[in-house]
Amino acid sequence: MREMVVGSDVGRTEGAVAPPPALLERLKDYGQEDAFALWDELSAEERDLLVKDIETLDLSRIDRIIRCSLGSQGLSVPAIEPVPEANVSTVEDRSPEDRERWWKRGLKAISEGKLAVVLLSGGQGTRLGSSDPKGCFNIGLPSGKSLFQLQAERILCIQRLAAQSTDGSSGVVPIHWYIMTSPFTDEATRKFFESHKYFGLEADQVTFFQQGTIPCVSRDGRFIMETSYKVAKAPDGNGGLYSALKSSKLLEDMAMKGVKYVDCYGVDNALVRVADPTFLGYFIDKGVAAAAKVVRKAYPQEKVGVFVQRGRGGPLTVIEYSEMDPTTACEINQITGRLRYCWSNVCLHMFTLDFLNQVANGLEKDSIYHLAEKKIPSIHGFTMGLKLEQFIFDAFAYSASTALFEVVREEEFAPVKNANGSSYDTPDSARLMLLRLHSRWVVAAGGFLTHSVPLYLTGVEISPLCSYSGENLEAICRGRTFHAPSEITF
């Protein structure tokens, strides 16, 4: 039983009335009546706030989630196996002809309005030293662009390339961008987009929606009270995407728009290729329900989740680094020379719309959430409790056919997670990765670079409006010299 300190008679409201009987009985049905334990200590206004807070909770659903999630602890899971080689398209296996075919096929699907993009943007930049949504963060590029702006301009570029691939006969077909926020980032995200005029996108091609929250609970499943009149809650994880899409009726919205495929990614990757035609073309070509971009694990102890197969012949899924035995993490494939468990999950996914509907229904039915023990703000100060979360990669357990598409880390994965001064995944490291990549594009297009500081510390930035992945730069770069650091635009 969660400890609850009930105060003395001092300060109690005169003529106290009982909690609403029907609501109290419902709480008793689910063993959560302690939420009203301090009722007599509350003012009339605080009682009203508590009642409204409890009434917003779907108690039946939450009880099911708590029971299923706590009950799943300690259950045995199938042994893991390495991902079969046939499930992975590696960089060295792909021919220029393959890449060209996939690129064209992806552009064709985009020009037909079959692709939507979903952005996971529920987190704040707390570890970056900012209270703003992560997407608002400026990593220090010469242009000063935020992560949101870089991604929006990549969408604009792909829309133009897709229209050009059809000789412009159908005009530019907007790629709809669905942006999942949280209660902590929603208002600030909307205002940021409005103040920047949606970075050149049409306002009606951007849809914001919020992920859900789940009450934080003690080890015995009781609600933790943040205050005497408010239940402590936390976002339900990036896997809350699926139930949020369903409850917001956005899966239906996508279907009405003619969407068949959904590109899904996390906000904190400075090199993310949003709406990547090559990945989309590969996905369509394979005819699978789900796919993910992966990078090779840099070293056995790298703190990344990796794709594995659950049991022989089972579905692909992701296992977190903390869940993998250190000996297993170091195993080497004697044929390839790679780590046996080498395919790192970097939150770059592609799904069919039909599969997303299946996942939304399946996850809701199973109601098993991951449990994270955290310090929870409560009426007793910070207290240890459990946050319940689903993860975006939980979807893969429902897929009978999953394909992995290897990408080069230096070209597509520059995470922005920690403040400068940390040892990895900082704004500085992401900025340098982008500048170095774009510098290579300039040289490949026949340009030259000068610099007043060592080139390994700087480079040039190419606007996404000029080039998506290094294409079409000869007219801008050939024979010209650019001084680093600087931005190259039209």
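Valine 294 stands opposite asparagine 345 in strand β14. Valine 294 itself lies in strand β11. A strand here is a DSSP run of E with at least two residues, and a helix is a run of H or I with at least four, both numbered from the N terminus.

Two notes before we go on. This is a predicted model, where local features need pLDDT of at least 70, side-chain atom pairs count only at pLDDT 80 or more, and totals for chains, interfaces and linings use all residues. Residues are numbered from 1 along each chain as its sequence is written, and side-chain values use heavy atoms, with hydrogens and water left out.

Back to valine 294. Is valine 294 buried or exposed? Valine 294 is buried, because its relative accessible area is 0%. Buried means under 20% relative accessible area, exposed means over 50%, and partly exposed is in between, with a 1.4 Å probe and protein chains only.

What does valine 294 touch? Leave out residues up to four places away in sequence, and the list is Phe307, Trp343, Ser344, Val346, Leu404, Phe405, Glu406 and Val407. Contact means heavy atoms within 4.5 Å. Now look at valine 408. It is 114 residues from valine 294 along the chain, yet their C-alpha atoms are separated by 8.5 Å.

Next, strand β14. In β14, Trp343, Asn345, Cys347, His349 and Phe351 point one way. Ser344, Val346, Leu348, Met350 and Thr352 point the other way.

Which strands pair with β14? Strand β11, residues 290-296, pairs with β14 over six bridges, antiparallel. Strand β10, residues 261-266, also runs antiparallel to β14, with five bridges. Aspartate 263 has methionine 350 in β14 as its bridge partner. Two strands pair if DSSP finds at least two bridges between them.

Now the whole protein. The count is 14 helices and 21 strands. The radius of gyration is 25 Å, close to the 23 Å that the globule rule gives for 490 residues, so the protein is as compact as a globular protein of that length. That radius is taken over C-alpha atoms, and the rule is 2.2 Å times the number of residues to the power 0.38. The C-alpha trace spans about 85 × 50 × 45 Å along its principal axes. Buried residues make up 53% of the 490. Of the contacts with a separation of 6 or more, 75% join residues 24 or more positions apart.
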